[in-house]
Amino acid sequence: MNRTLAASEIRMSLDLLQKQIDLVKPKVIVALGNAACRAFSILFTFPLKIDGQFHEIKGISLVGCPHPSPLNQKATFLATQEKVFRRLKTHLP
């Protein structure tokens, strides 16, 4: 099983993450799992949670979603994933 990333490990990747966002200019970002939500929370100084709620931040629709791991097969995770994927249809051309 993987371990939880330390905040220092997440911070080390933030410059690269910001450069990728600046280059790609995404309209939507789906943060898959706790580590991704923590990284975007730090980057955007916004408490992103795995709740399927879309938030408009700096012109980007940002949403936290459970990681699609076989370990995340609880009904609540699956319901949140379905909610996010259905809503993505409205954000994509």
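**Entry 1: Gln81.** I began with Gln81 and listed its contacts, setting aside neighbours within four places in sequence: Cys65, Pro66, His67 and Pro68. I note here that this is a predicted model. Gln81 sits in helix H3. Is Gln81 buried or exposed? I found a relative accessible area of 8%, and the cut-off for buried is under 20%. Gln81 is therefore buried. Next I looked at where its side chain goes. The side chain of Gln81 reaches the backbone oxygen of Pro66, at 3.2 Å.

**Entry 2: a salt bridge in H3.** I stayed with helix H3, which covers residues 75-91. I searched for salt bridges and the count came to one. Which side chains meet in it? They are those of Glu82 and Arg86, with N to O at 2.8 Å. Both residues lie in H3, four residues apart, which is about one turn of the helix. I then checked how open the two partners are. Glu82 has a relative accessible area of 41%, so I noted it as partly exposed. Arg86 has 51%, so I noted it as exposed.

**Entry 3: the sheet.** I turned to the strands. In what order do the strands of the open sheet stand? The order is E1-E3-E2, and the pairing is mixed. E1 and strand E2 (54-57) are at the edges. Each has a single partner strand, so one side of each has no neighbour in the sheet. From one strand to the next, the twist averages 25 degrees.

I took the pairs one by one. E1 and E3 run parallel and pair over five bridges. In this pair I picked out Leu32, whose bridge partner in E3 is Cys65. E2 and E3 are antiparallel, with four bridges. Here His55 has Leu62 as its bridge partner in E3, and Ile57 has Ile60. E2 and E3 also form a hairpin, with two residues between them. Lys58, in the turn, has a positive phi of about 55 degrees.

**Entry 4: strand E3.** How many residues of E3 are buried? I found six of six, so E3 is largely enclosed by the rest of the structure. I then sorted the residues by direction. Ile60, Leu62 and Gly64 point one way from E3. Ser61, Val63 and Cys65 point the other way.

Gly64 is in E3. Its relative accessible area is 0%, so I recorded it as buried. I listed what Gly64 touches beyond four places in sequence: Ala31, Cys37, Leu48, Lys49, Ile50, Asp51, Gly52, Gln53 and Val84. For one of these, Lys49, I looked up the C-alpha separation from Gly64.

**Entry 5: the cores.** I looked for nonpolar cores next. In soluble globular proteins, nonpolar side chains tend to be buried together. The largest core here has 15 residues. Which residues have the most contacts inside it? They are Leu17, Ile21, Phe40, Leu43, Phe44 and Leu62. The elements that give two or more residues to this core are helix H1 (7-24), strand E1 (28-32), helix H2 (34-44) and strand E3 (60-65). H2 gives the largest share, five residues. Apart from this core lies another, of six residues, among them Val28, Phe54, Val63 and Leu88.

Leaving aside neighbours within four places in sequence, Leu62 is in contact with Ile29, Phe40, Phe44, Leu48, Gln53, Phe54, His55 and Ile57. I also checked how H2 sits against the sheet strands. H2 lies across E1, E2 and E3, and runs at about 130 degrees to E1.

**Entry 6: Val30.** Is Val30 buried or partly exposed? Its relative accessible area is 26%, so I put it down as partly exposed. Not counting residues up to four places away in sequence, Val30 touches Val63, Cys65, Val84 and Leu88. I also looked up the C-alpha atoms of Val30 and Ile50. They are 10.0 Å apart, and the two residues are 20 apart along the chain.

Note on methods. Residues are numbered from 1 along each chain as its sequence is written. This is a predicted model: local features need pLDDT of at least 70, side-chain atom pairs count only at pLDDT 80 or more; totals for chains, interfaces and linings use all residues. Side-chain values use heavy atoms; hydrogens and water are left out. A salt bridge is a side-chain nitrogen of Lys or Arg within 4 Å of a carboxyl oxygen of Asp or Glu. Buried means under 20% relative accessible area, exposed over 50%, partly exposed in between (1.4 Å probe, protein chains only). A nonpolar core is a set of buried Ala, Val, Leu, Ile, Met, Phe, Trp, Tyr and Cys residues joined through side-chain atoms within 4.5 Å. Contact means heavy atoms within 4.5 Å. Two strands pair if DSSP finds at least two bridges between them. Axes are lines fitted to C-alpha atoms, for helices over the stretch in contact, and angles run from 0 to 180 degrees between N-to-C directions. A polar contact is a pair of N or O atoms within 3.5 Å; within protein, one must be able to donate a hydrogen and the other to accept it, and residues adjacent in sequence count only if both atoms are side-chain atoms.
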